[in-house]
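Here are my notes for you, written as a colleague would jot them down. Keep the viewer open while you read, and look up each residue as it comes along.

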Amino acid sequence: MTSRRPQRPMDFDREDLLKQLGAIRQQLIEVRTTLRPRSGLARCVDGVVDEIDELALVLTGKREYFHAPGAAAQMRGK
């Protein structure tokens, strides 16, 4: 029989964390526009943005939590 760890309630301010992650994500996206597309730094920035989106999925159930409404539609139009 395997032992399960007891679940602990989230003892942090979820909304504050999401707010801070959103600000960091936005800064990274702004920095990303100044980098060479295939540089190591650009790939690192892309990876961190992807991880922030993954954390948003875990916290909210929405990977696109930080995406602007209609952003996907705008991208398709380009």
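The points below go from the whole chain down to single side chains.

1. First things first: this is a predicted model. The protein chain has 3 helices and 0 strands, and from the N terminus the order reads α-α-α.

2. Now for the chain as a whole. Of its 78 residues, 18% are buried. The exposed surface comes to about 6800 Å², with carbon and sulfur atoms supplying 55% of that. Take the contacts between residues at least 6 apart in sequence: 51% of them join residues at least 24 apart.

3. Have a look at the loop between helix H1 (14–32) and helix H2 (40–60), where you'll find Ser-39. Is Ser-39 buried or exposed? Its relative accessible area is 11%, so Ser-39 is buried, as the cut-off for that is under 20%. A polar atom of the Ser-39 side chain sits 3.1 Å from the backbone oxygen of Arg-36.

4. On to the charged side chains: the whole structure has 4 salt bridges. One of them joins Asp-53 and Arg-25, with 2.7 Å between the closest N and O atoms. Asp-53 belongs to helix H2 and Arg-25 to helix H1, so this pair ties together parts 28 residues apart in sequence. What about burial? Asp-53 counts as buried at 8% relative accessibility, and Arg-25 counts as buried too, at 10%.

5. Another salt bridge pairs Arg-32 with Asp-46, and here the closest N and O atoms are 2.7 Å apart. This one links distant parts of the chain as well, with Arg-32 in helix H1 and Asp-46 in helix H2, 14 residues apart. Arg-32 is partly exposed at 22% relative accessibility, and Asp-46 is partly exposed with a relative accessible area of 30%.

6. Glu-15 and Arg-14 also form a salt bridge through their side chains, at 3.0 Å from N to O. Glu-15 is partly exposed, with 47% relative accessible area, and Arg-14 is partly exposed with 27%.

7. Last up, the aromatic rings. There is 1 aromatic pair in the structure. Why is the pair of Tyr-65 and Phe-66 called edge-to-face? The ring centres of Tyr-65 and Phe-66 are 5.0 Å apart and the planes meet at 85°, and planes over 60 degrees apart count as edge-to-face. As for accessibility, Tyr-65 is partly exposed, with a relative accessible area of 34%, whereas Phe-66 counts as buried at 19%.

Technical notes
Residues are numbered from 1 along each chain as its sequence is written. This is a predicted model: local features need pLDDT of at least 70, side-chain atom pairs count only at pLDDT 80 or more; totals for chains, interfaces and linings use all residues. Side-chain values use heavy atoms; hydrogens and water are left out. Helices (H or I, at least four residues) and strands (E, at least two) are DSSP runs, numbered from the N terminus. Buried means under 20% relative accessible area, exposed over 50%, partly exposed in between (1.4 Å probe, protein chains only). A polar contact is a pair of N or O atoms within 3.5 Å; within protein, one must be able to donate a hydrogen and the other to accept it, and residues adjacent in sequence count only if both atoms are side-chain atoms. Contact means heavy atoms within 4.5 Å. Accessible areas come from the Shrake-Rupley method with a 1.4 Å probe; for residues, only the protein chains shown count as cover. Rings of Phe, Tyr and Trp (its six-membered ring) pair if their centres lie within 6.5 Å; planes under 30 degrees apart count as stacked, over 60 as edge-to-face and the rest as tilted.
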